[in-house]
Amino acid sequence: MKALEQAVGVDIGGTNIKLALVDSNGSILNKAVMETGNAWERSSFYLKLYNKIAEILKPESSWQHIIGVGIGVPGLVDSARGHVFYAPNLRWDGIDLKRELADHIPTSIRIGNDANVATLGEAWMGAGVGEENIVMITLGTGVGSGVLINGQLYTGQGVGTEIGHMVIDSKGPKCVCGSRGCFETLVSAKAIATRATEIIGEQISKKELKKVFASAKKGDANATRVVNETATYLGIGIANIINIFNPSKLIIGGGISMAGNVLIEPAVEVAKEYSLKAALERVTVVRAQLGNDAGVIGAGGLFLRGESNDKN
Ligand SMILES: [Zn+2]
């Protein structure tokens, strides 16, 4: 029997980097986490990455057993060229990542935007299995997104879809992108923490949002206001996504999705008011299933997930 193909998936975050050895069934064979550290000191960063990948290979350092290393990068990425336009958390600005890594990593490399890669992971092994047209949004510190059309990741002319920067309120808060009232400025963890701080009248950090959602579940009035205001913006965003992409599944991932039905149910109610009935009838809004593993599985999937193999 032919052994399953294997690849390494790397999910780069602002604080941590997750790595996994993945096989063509989408199973994780080995995994590790390392600190992101000073990613802008690129030579030493690439060396650290090389060493960590070598560690999780089985047998260790046997690069010839994998078909490639797929990497999810938190920023604007041209996956076809392997170019990173901008990754503010890593202080990367205009880097030919694939070419630079080729000097350090002795196998094929593919890169993608982190949320795109997580979407591939969910499509392959999680909440989107068997679906051809899905949209995923990740509600975390920022808001990421991925769009799968006819089973393929849609990345437009290379910059890709950035649903987090869809404008919801033209008079809304200023966004890091320079625009105003972007989806991200209204439903990211940071935005919800700011809203909670204003409504509850005491400093609420992103980490304390769990408590706010729990209080809302118990019926606390202020916490319920925080959730309902968030659900309104989230619902408008969901309606826009439904109207534009007509997906069969809209997957919500990221830390904030852990709030679950207390946030998602009212958001879907709002979405019903703003979306086209025919499109609404054909979509289900669900939570992501793979949690923190979506990124590494999807990054490995850049090589292993059948139909994406002919790309890049
Ligand atoms: Zn923006």
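Arginine 91 counts as exposed because its relative accessibility is 56%, where exposed means over 50% relative accessible area, buried under 20% and partly exposed in between (1.4 Å probe, protein chains only). The model is predicted, so local features need pLDDT of at least 70 and side-chain atom pairs count only at pLDDT 80 or more, while totals for chains, interfaces and linings use all residues. Residues are numbered from 1 along each chain as its sequence is written, and side-chain values use heavy atoms, with hydrogens and water left out.

Arginine 91 sits in the loop between β6 (83-87) and β7 (92-95); helices (H or I, at least four residues) and strands (E, at least two) are DSSP runs, numbered from the N terminus. Its phi is near 60 degrees, a positive value in a residue other than glycine. Asparagine 150, in the loop between β10 (143-149) and β11 (152-153), also has a positive phi, near 50 degrees. At 54% relative accessibility, asparagine 150 counts as exposed. Most residues other than glycine have a negative phi, and most peptide bonds are trans. The peptide bond from lysine 58 to proline 59 is cis, with omega near -10 degrees. Proline 59 is placed in the loop between α1 (42-56) and β4 (69-73).

The zinc ion has as protein donors His165 (ND1), Cys175 (SG), Cys177 (SG) and Cys182 (SG), at 2.0 to 2.3 Å. Donors are N, O and S atoms within 2.8 Å of the metal (3.2 Å for Na, K and Ca); water is not among the atoms, so sites may look incomplete. Along the chain, the donors follow the spacing H-x9-C-x1-C-x4-C. The four donor atoms subtend angles of 106 to 120 degrees, and the arrangement is therefore tetrahedral, a term that requires all angles of four donors to lie between 85 and 135 degrees. Cysteine 175 is buried, at 9% relative accessibility, whereas cysteine 177 is partly exposed, at 43%.

Helix α6 (residues 209-217) packs against helix α7 (residues 221-245) at an angle of about 110 degrees, with the axes 8 Å apart. Axes are lines fitted to C-alpha atoms, for helices over the stretch in contact, and angles run from 0 to 180 degrees between N-to-C directions. This makes α6 roughly perpendicular to α7, the class for 65 to 115 degrees. Val212, Phe213, Ser215 and Ala216 of α6 meet Ala223, Thr224, Val226 and Val227 of α7, contact meaning heavy atoms within 4.5 Å.

Methods:
Parallel < 35°, antiparallel > 145°, perpendicular 65-115°, else oblique. Tetrahedral: all angles 85-135°; square planar, octahedral: opposite > 155°, others 65-115°.
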